[in-house]
Amino acid sequence: MSDIAFAIISTLIMVAMFVVMCWLFLSCYRFTEIIEGYLSDSKIVQHNRTVFESAGLIGMVIRNCSIALIFLIPELCERRGLIEKDALSNLPVYLKRRLLAPWIAGGVLFFAMFVLWLFFV
């Protein structure tokens, strides 16, 4: 691959990562408290809310990330007693998609940038 093609692909990925980061911040600002309302019985959600409530937007991102992690590994969280058995089924599907979509998109773009770095630098 030529240097120009590598630079163009890298620039496009970095611009996409910036857009996803803005999307993530906006999504966290709009939906974190709504999602926490559905999961208010969960120990980890209650603890994260009390700890990170005064941390501003970064605290919301951390709270949102912990909720997304709960949805990605629910069995582990249930075994540890962090969430109730059927607590995740209370959340509507459209909120689940809005919660997970920016995190998955960011992960895919980060992996793409890592592969470019690994093979072409």
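Student: Which helix is N48 in?
Tutor: N48 sits in helix α2, residues 43–52. Helices here are DSSP runs of H or I with at least four residues, strands are runs of E with at least two, and both are numbered from the N terminus. This is a predicted model, where local features need pLDDT of at least 70, side-chain atom pairs count only at pLDDT 80 or more, and totals for chains, interfaces and linings use all residues. Residues are numbered from 1 along each chain as its sequence is written, and side-chain values use heavy atoms, with hydrogens and water left out.

Student: Is N48 buried or exposed?
Tutor: N48 counts as buried, because its relative accessibility is 10%. Buried means under 20% relative accessible area, exposed means over 50%, and partly exposed is in between, with a 1.4 Å probe and protein chains only.

Student: And what does N48 touch?
Tutor: Setting aside residues up to four places away in sequence, N48 touches E53, R63 and S66. Contact means heavy atoms within 4.5 Å.

Student: Switching topic: where is I35?
Tutor: I35 is in helix α1. I35 has 1% relative accessibility, so it counts as buried.

Student: What are the contacts of I35?
Tutor: Not counting residues up to four places away in sequence, they are I67, L91, L95 and L99. As for V93, I35 is 58 residues from it in sequence and 11 Å from it in space, C-alpha to C-alpha.

Student: How many residues are in the largest nonpolar core?
Tutor: There are 16 in it, and I35, L39, I67, I70, F71, L88 and L99 have the most contacts inside it. A nonpolar core is a set of buried Ala, Val, Leu, Ile, Met, Phe, Trp, Tyr and Cys residues joined through side-chain atoms within 4.5 Å.

Student: Which helix gives the most to this core?
Tutor: That's α3, with 4 residues. At least two residues come from each of α1 (3–38), α3 and α5.

Student: What about I70, which residues is it in contact with?
Tutor: Leaving aside neighbours within four places in sequence, I70 contacts I44, V45, C77, I83 and L88. There's also a second, separate core of 5 residues, V20, L109, M113 and L116 among them.

Student: OK, helix packing. At what angle do α3 and α5 pack?
Tutor: About 105°, with the axes of α3 (residues 56–72) and α5 (residues 93–120) 10 Å apart. Axes are lines fitted to C-alpha atoms, for helices over the stretch in contact, and angles run from 0 to 180 degrees between N-to-C directions. So α3 and α5 are roughly perpendicular to each other. The cut-offs are under 35 degrees for roughly parallel, over 145 for roughly antiparallel, 65 to 115 for roughly perpendicular, and oblique for the rest.

Student: Which residues of α3 and α5 meet?
Tutor: V61, N64, C65, I67, A68, F71 and L72 of α3 meet K96, L99, L100 and W103 of α5.

Student: How do the axes of α1 and α5 cross?
Tutor: They come within 8 Å and cross at roughly 155°, so α1 and α5 are roughly antiparallel. The crossing is left-handed, meaning the near helix is turned anticlockwise from the far one by less than a right angle; clockwise would be right-handed.

Student: Last one: how do the axes of α1 and α3 cross?
Tutor: At roughly 60°, coming within 9 Å. Here, too, α1 passes α3 in a left-handed crossing.
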